[in-house]
Amino acid sequence: MQRPSVRLKRVYDAPESEDGLRVLVDHLWPRGVSREKARIDEWFQDLAPSHALRQWFDHDPKKWKEFQRRYHQELLSPGKRDRLYFLLDTVSRKKTTFLFAAKDQDHNNAVVLREFLMTFAAEKSPAPPAKPKGKQSQR
């Protein structure tokens, strides 16, 4: 499978032609943004972190590694597998930008989802990767 290239961008930034397919990967619709202004092509709400995980993380960089681990576990749940395959197929064929609302551009679910998909594509395996890259928390 071809390794997809996915850009990341805040949904509040102006759409650009270089964005290609604009995919919102947050669970909630971003505040103060109309559908017309956002120009969102797809919304993968079901692949966003759960409400409980989002609340626990609260965009605290100190919780980043554990957030990644827990989000990967959620992405590996059987109910998400078909959607992951669909998303991977989509980003493999089209220039894609994942949109997110978080202010922190380095510690958000779009970063984790893109890494997850890149690992999955690189492994060329029939199933998503079992664990995130890097050291795992022992909790």
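## Leu-24 and its partner

Let's start in strand 3, where Trp-43 is the bridge partner of Leu-24. Strands here are DSSP runs of E with at least two residues, helices are runs of H or I with at least four, and both are numbered from the N terminus. This is a predicted model, so local features need pLDDT of at least 70 and side-chain atom pairs count only at pLDDT 80 or more, while totals for chains, interfaces and linings use all residues. Residues are numbered from 1 along each chain as its sequence is written, and side-chain values use heavy atoms, with hydrogens and water left out.

Leu-24 belongs to strand 2, which covers residues 21-24 and pairs with strand 3 in the parallel sense over 2 bridges. Two strands count as paired if DSSP finds at least two bridges between them. Val-23 also has someone across from it: Glu-42 in strand 3.

Zoom out, and 4 strands make an open, parallel sheet in the order 1-4-2-3. Strand 1 (6-10) and strand 3 (42-43) are the edges, each pairing on one side only.

Strand 4 pairs in the parallel sense with strand 2 over 4 bridges, and with strand 1 over 5 bridges. Take Thr-97 in strand 4: this residue is the bridge partner of Arg-22 and also of Arg-7.

## Which way the side chains point

Which way do the residues of strand 2 point? Leu-21 and Val-23 go one way, Arg-22 and Leu-24 go the other way, and all are buried. Buried means under 20% relative accessible area, exposed means over 50%, and partly exposed is in between (with a 1.4 Å probe and protein chains only).

With 5 of its 5 residues buried, strand 4 is largely enclosed by the rest of the structure.

## Helix 4 across the strands

Helix 4 (residues 81-93) lies across strands 1, 2, 3 and 4, and runs at about 125 degrees to strand 4 (96-100). For that angle, axes are lines fitted to C-alpha atoms, for helices over the stretch in contact, and angles run from 0 to 180 degrees between N-to-C directions.

This helix has 13 residues and reaches 19 Å from its first C-alpha to its last, close to the 18 Å expected at 1.5 Å a residue. The expected span is 1.5 Å times one less than the number of residues. Its buried residues are Leu-84, Leu-87, Leu-88, Thr-90, Val-91 and Ser-92.

## Helix 3 and Gln-68

Helix 3 has 12 residues that should span 16 Å at 1.5 Å a residue, and its end C-alpha atoms are 16 Å apart, which agrees. Because 9 of the 12 residues are buried, helix 3 is largely enclosed by the rest of the structure. Among the buried ones are Glu-66, Arg-69, His-72 and Leu-75.

Gln-68 sits in this helix, which covers residues 64-75. Is Gln-68 buried or exposed? Its relative accessible area is 9%, so Gln-68 is buried. Leaving aside neighbours within four places in sequence, Gln-68 is in contact with Val-112 and Glu-115; contact means heavy atoms within 4.5 Å.

## Rings and charges

How many aromatic pairs does the structure hold? There are 6. One of them joins Phe-57 and Trp-64: the ring centres are 6.0 Å apart and the planes are at 45 degrees, so the pair is tilted. The rule is that rings of Phe, Tyr and Trp (its six-membered ring) pair if their centres lie within 6.5 Å; planes under 30 degrees apart are stacked, over 60 are edge-to-face, and the rest are tilted.

Lys-63 lies over its face, at 5.0 Å from the ring centre, and the charged end of Arg-70 sits over the ring of Trp-56, 4.0 Å from its centre. A charge sits over a ring if NZ of Lys or CZ of Arg is within 6 Å of the ring centre and within 35 degrees of the ring normal.

## The whole chain

Overall, the chain has 5 helices and 4 strands, in the pattern β-β-α-β-α-α-α-β-α. Of its 139 residues, 44% count as buried.
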